[in-house]
Each structure stands twice: as structure tokens, then as C-alpha cells.
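I opened my notebook to look up a few backbone features, the domains and the chain contact. My entries follow the structure.

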Amino acid sequence: MAITPIIVALRRHKAGALLIGLQIALTLAIVCNALFIITTRIERIGRPTGIDEANLFKVSVQRGGLPSDGEAAKARLDADVRTDLAAIRALPDVADAYVTNTLPLANSNWTGWLGQTPDGDKVGPSTAFFLGDEHTLATLGLHLVEGRNFRPEEVLPHSLRDRVAPAQLIISKALAQKLYPDGDAIGKTVYVGPSAPPTRIIGVVDRLQSSTVQAWAESFAWQTSIVPARFSFTYRTYAIRARPGRLDAAMKAVPDALYAVDPQRVIPEDDGVLSFAGIRARAYRADRGMAILMGAVCVILLTVTAAGVVGLSSFWVGQRRRQIGIRRALGATRRNILNYFLAENALITVGGVLVGALMAFAINAWLMVQFELARLSVNYVLAGIVALIVLGQASAFAPALRASHIPPVEATRS
Amino acid sequence: MFGYYFQLGLRSLRRNPILTALMVMAIGFGVAASMTTYSVFRATSRNPIPQKSAQLFHPAIDNWGPEDTEKGEPPDSMTYKDVVALMRAHKAPRQTALYPIASALIPDDPSSLPQRQGAYAVYTDFFPMFDVPFIFGKPWSAEEDEGHAAVVVISKKLNDKVFGGANSVGKQLNLDGRLYVVSGVIEDWDASPRFFDLVNTGGFDKGAQLYMPFTRAIELQKQSNGNNNCNSDPGDGWDNYLRSECIWLAMWVELPDAAAAASYKQFLTNYVDEQRKAGRFRWPNNVRLRDVMDFLDAEHVVPAETQISLFVSLGFLVICLVNTVGLLLAKFMRRAPEIGVRRALGASRKEIYFQFLLEAAAVGVAGGVLGLLLTGLGVMGVGLVFEPAIARLATLDISLVLITLLVAVAATLLAAFYPTWRAAQVQPAWQLKSN
């Protein structure tokens, strides 16, 4: 089919063709970036924490009115924690439990540095600390790839402002690779900050995500350490693994047991007892919301653009009934007419997507500067181009089909 | 004339119901998406205390040095020793240090459970500085600040719960097993964004239920319920912690005018100089004194999600407008013969403009009404998409209703300019001849 007559005809509808082209270009630019944001967020949400999340939950307690400073106060708090733990572990629905400062995704990060010399101040890699004991690996379902677990006698009481400077440490594989790229972290000595006592690495777990998903801690999100310490403070979190299928029962039983031990404590109503699914949902709420919003925008946007193409194509068909009649009278088949309008649409769409591809990269460049987004992959633009060409052809099809049904007799009408 | 054109417009719109529906839908969706995200953006970027935002200042000094700070900015929190020094110097007419704490309310009835209450430890100036409205009583006195007194100011919500809404001034409240005397009851007040505690809340959080003297909280060794950052080991125990370089406190001062602000900044500089002379700092002066809006800006209080959503929705609106320009153009040009007849019969170009803009305005109003309904749905649904603490701030109030309608009509008129201009350019002779 000759393309010249189409171009000549389009020049008589310059404004309309340009407007549709512009709309397609803008749609492509926004849809590509929206799709890119959606997949980035979904990938983020889908990252495994490294722990076995099913059947896991936490109970946060707060106990006001007790002093926390001084040896006697600390000993009292530690005795309370041991009593709590004994009560929790004795419950029939509980498989295992330990006390800690925070859990992966719980949004309360303790961070520090691991130096390889005693005087190396903050030169080592950053790490996020989890306090734990010999039950931690089992409770979280962590996979120990090297070394050994803590022994009960290695776990010491730890108050909020005590220095994190343990004699032993279990670290994540990501942190081990950062510290010792050649491997073999077991038995090595590190120092948590300047003039700290030596810390020996006794174990490496496969994967363990830090407590926060916020941007500031992203660079060391997988560089985590487990400190052999029982968090004995006025507020603390119990990480608890329920027996399979008993999660709901255990989530009720544990607070009751804790209140029975000490009714003066507070377990906050809104976020005191949370399943790990709940912790995960809270951590990624903004990402999930963003993906939903961008998805909704894409769907509505494509609908509006499709409707616009249908509207303008129909209008053009209506305007050219007589000319179509003449072509039909001169021997053009229905298929010729159909193809003409589809080709016209393809021409406009291709022009639009070419401009739109440039605009997509321009918008992405701006988002990169403003919001530190990643670079848009070409695949998204290619996918968007294909989608818009298909959408354009599908939208133009009904008007084009109607055009092809215009009888030759139209030529004689005015 | 107006009524006649309006009738013409309606008739024309009814002639192509599908085209009209497409335009109304495009305008409605575009406006609704923009207004919904705008309602969230507006909530997060608003001035929390417009009447005083230029008189309230957040001082910051660099006690960590270039090695431990980012982009040359001093830390946004302060150490205890600096806060105490600034409070003692009392160089501002009103000033307060503050930090978030959590207290457990112990009910009189032993069978009910204690409840956690979000709280702040503040100085008495906090209340007049931030225009906190009192229902009963008043803030505690400066002497009570000095004396570490066991007094509290409570929110209306807590007063309703504990005292059944009655005037509870002078009554006692059991917090963490200690008794406190209520000195005042305030409205359920919160600054939104919570500029005075951005570091711990990001600006959006559930409201605090009670306030107690800072000095009292320190005496009870109450740990901050928010962030704590240390660049070196503070050593064991509370006293070492208070002496350390750990930052965990906010400081706010009220300064009536620019001269007072300048002299306060000078005071901060002098203070840092003294500290350097004493050997505490080994780096150049780096102080900040930001007012509320500057501080909100520096702390990036508007989440990136909110901004990106707004920009994407505005892009969406632009596309809807381009769509409307195309459809209006189609619609108007289809009536070229009619325009030709009208022009030939003596209608001026101005009258054609008027007639077609009025028709477009009708589309705009219809789109605005649809947009308003969709915005209502959108604002109800923001909880699915944004953080709950932010989503609850987005509301469909009178101003948003007016803005929505205005944006719809203005956008449609803007879109109609080119098609109307084309319609007015129709040559009557040519049209009459070709028909």
C-alpha cells in the first residue's frame, strides 16, 4: 500500500494528528516510568529476609517505673527477662523464643562498624546488630553455613546503653565477604569501634536482612551481626516461633502468659503483638502503595488514550465518508479502506512513540536527579512501544471497520 | 445571549453523547488523580504553624565534625550537655528542649491493664511557643521546671478517658507507678507536620497524649523513645550518657524578629568558639539556626512517594487535556458548516468564541463534578496507597472541592482555546460554497 496518500491526507489534519501523536508520546513516557517504578518496588518487597517468616511473631513489652541504671537494677531486669522467657518457652504452642532489641524489617536499627585492628576507627564495614542467644538461629530459622551457634554461657545481659563489644559474633555471609573477600571468616578477630576488646567471629549465617528498609541503611542492608546478648531493658522484644499451624493461638497465649508474670507491663495495643507478615507489611507499606498507585495511573491512562484514539479516528471516518465512497466506487476493496485507516493510525503512533521514548528517558533522568531513582532500562521503553502500537491499532480497528463498510453510493451524496 | 448559547452548547453536547462522555471522563479522571495526590502533598507540605513559623527556630551545632557528618550539615539533634548550656544561657525569650518518651498509664482499677501513652518531655515554654490551646488549667510554672516537679499536661482524649472529660486540674495521674498532678488539659493538639520532632517521627505520627517537665524525665533517667546516635562509646551508665557526645534531643527557641535571630546565631557561634577553646571541637564553626519552614525543607519532610505521585498525576492531567483538545477540535470542526452559516448571517468572531468557550465550560463543569466524585473516592482510598499517618491527613474539605472544580473548568477552557480559535477562523464563504 502506498504511504504517500496517507501522509498527504494527514497534512490536512495536522492539528488532530499532532495532538494524538503528542498524547501517545506523553502516555508512553509516563507509562514506562510508572512500570519501572512498579517493578522496582515489587522487587524490593520480594527480597527474602533470610529468616523463615512463617509461624514467626514478636511481642514488644514495656515496663515503666523500674530503674535501669546500676548493677542492681540491671540484675533485676535480667531476672525479669529470664522469667518471661521461661514462661514463653513453656507454652505448648511455642516452638522457640528469645529476647532481642529488634528484628529484620522492624524498623529500629542498631548500627556500628567492624574494624580489623583495635585502633581502626570506623574504617571497617557498617553493620546492623541483632541481640540474640543460643535460641536465635532456631527461632528465626537461620541457616548457619559455617562455624557454630552461641553457647548459653556466652550470652550476657545487655542494657540499652551498654557498649556492643561481645567476645563472640555470628555474622551474615554478606558481611563476611565484605570483611574477608578471600573467605574463611571463622576464628578471625574484629573490633566494634575504637579501643574495643577483641571480638571473635564464630559463625556465618547465609542471609539476614537488617531492621530498616530506609534509604540511609540500604548500603549495608545485608551486612548484619548477631551479638550474644540478652536484651534486659525496660522495653524489649520477644521473637517467638509458634509450632506449625499454631500461630494465632500462640499470639494470644504469649501476651496472657506475660501479663500473668507481671501485670504492670505494657504491651501496646496497635503494634505490640505482630506476626512477621504484619511486620513485613508495615515495612513495605509505602512501596506497596506506590506500586498500586502507579498501576492504577497506567490503567486509567491507557484507557483515556485508547478512548482518545477511538474518538478522533471515528471523527475522521465521519468526515471522510464521501471520499471513502469515491475510493470504493473507483474499485478499492473493503480491506483497502480498513488498511488505510490502520496504516494512518500506525503512522501517527510510531511518530508518537519515537518522541515518547525520548521523553521517557528525559523524565527518568529528572527523577534520577530529584529522587535518586535508578536508570530506566531500555526494555521498559520497548515494552511500552509495543503496548502502545497494539493499543493504537486495537482502538483504530472499530472505526476503520466502520469505514470499510461505507458503501460506494456515499460518493454521490453530499 | 448567554442562555441561548448555553442551550446551543447543551444541544451540541447531546448530539455526540459518546464524544462528550469521553471528554467528561478524561477531565474527570485527570482532575481526580491530580487532586487526590495533591490533597496528600498539601497535607505533607503545609506550614504547621503559619502564624509563628518565622519566629520559631531550630538551632544546630556541629559537635561531631566533618568525619561523622554528611554533606557538611551539623547533626539535626543535640547532646544533653549542649541543650542544658543553651537553656541555662537563656538567650531567647522562650525556649524549650524536648524529646519523646513513653509512659505507662497505670489505671486505678487493678484488673485493667496499663496503657502506653505517647509523651514528650518539654519545658513550660513549649506550650506558649507552639500556641498549644488549653481547655483547663495552664502550663506548669518555670519554678516547677527548676524543681523537677511531678506535674503533667494531658490531652483532651486522655482527660476524657481518665477523668470523664471533667476539669482534672489538680487531680492525680499514675504514670509508671508514680503520681503526677495535672496542671492543664489541652485540646487534642498536634502540629502537622510535627516540625518540633521531625527527627523521630518524620513529621507524621499519632498525637502525643501527655507532656511532662524535661527536668523530671531526666531525673527519672527516662530514655528517649526516639533515635539516639553516638559517634563514640559513651561509657557505662546514665551520667556518662548525659556527658557524652550522643545526640538525641531537640531544641527550639522563639525569637521575635530578624535582629533577635541574628544575635542568637552570634550567641551560638560564640558558644561553639568557647567549646573549641576548651578543646572539645577540632573543626571550624558550623552552626545552623533554621526557622520552621527552612527546617521542614532541610529535613525533606515531604516523602519522595508523595512528590512522585503528584508529578505523575499532573502528567496524567496534561495527557487528559491533550486528549480533550483533540476531541474538542474534532467536535467543533465538524460544525464548520453551521459556523459558516452563523458567520454569514452576521455573527462576529467574538460571538463564536463566546459560544464555543461556553460549550467547553459546560464540559469542564461536568468533568469537574465527575472529578469531585472521583476525588472523594480517591481521598477515601489514599489509606491503601500512603502511610496511614499521612493518609489520615488528606481530607476533602471546602477548599479542595473549590480547587477541584476550578481546575476542571480552567483546564477545559485552556484546552478549548485552540479548537475555538480554529472554529472562529472558519471562512463563511468557503463553507457555504462547499455545501
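Helices (H or I, at least four residues) and strands (E, at least two) are DSSP runs, and I number them from the N terminus. I also note at the start that this model is predicted.

**Entry 1: a cis bond in chain B**

I looked up the peptide bond from B:Ser192 to B:Pro193. It is cis, with omega near 0 degrees. I then asked where B:Pro193 sits. I found B:Pro193 in the loop of chain B between strand E7 (178-186) and helix H7 (198-201). For background, I wrote down that most peptide bonds are trans.

**Entry 2: positive phi values**

Most residues other than glycine have a negative phi. I looked for exceptions and kept two.

In chain A I noted A:Glu372. This residue is not a glycine, yet its phi is positive, about 55 degrees. A:Glu372 belongs to the loop between helix H10 (334-371) and helix H11 (378-404) of chain A. Is A:Glu372 buried or exposed? I counted 9 other C-beta atoms within 10 Å, and a residue with 12 or fewer is exposed, so A:Glu372 is exposed.

In chain B I noted B:Lys71. Its phi is near 50 degrees, a positive value in a residue other than glycine. I placed B:Lys71 in the loop between strand E1 (56-61) and helix H3 (80-89) of chain B. B:Lys71 counts as exposed because it has 4 C-beta neighbours inside 10 Å.

**Entry 3: B:Asp236**

I went on to B:Asp236. It lies in the chain B loop between helix H8 (214-219) and helix H9 (238-243). B:Asp236 has 16 C-beta neighbours inside 10 Å, so it counts as partly exposed.

**Entry 4: domains of chain A**

I read the domain assignment of chain A. It gives domain 1 (4-45 + 286-412) and domain 2 (64-265). How far apart do the C-alpha centres of the two domains lie? I recorded 55 Å.

**Entry 5: where the chains touch**

I turned to the contact between the chains. It takes 46 residues from chain B and 43 residues from chain A. On the side of chain B that touches chain A, the elements giving two or more residues include helix H2 (17-45), strand E2 (94-105) and helix H14 (349-385). Which element gives the largest share of that side? It is H12(B), with 19 residues. By class, I listed 27 nonpolar, 11 polar and 8 charged residues on the side of chain B that touches chain A.

Conventions: Residues are numbered from 1 along each chain as its sequence is written. Chains are lettered from A and ligands numbered from 1 in the order in which they are written. This is a predicted model: local features need pLDDT of at least 70, side-chain atom pairs count only at pLDDT 80 or more; totals for chains, interfaces and linings use all residues. A residue is buried if 20 or more other C-beta atoms lie within 10 Å of its own, exposed if 12 or fewer, and partly exposed in between; C-beta atoms are placed from the backbone. Domain bounds come from an automatic or database domain assignment. Two residues are in contact if their C-beta atoms, placed from the backbone, lie within 7 Å. Ala, Val, Leu, Ile, Met, Phe, Trp, Tyr, Cys and Pro count as nonpolar, Asp, Glu, Lys and Arg as charged, and the others, Gly among them, as polar.
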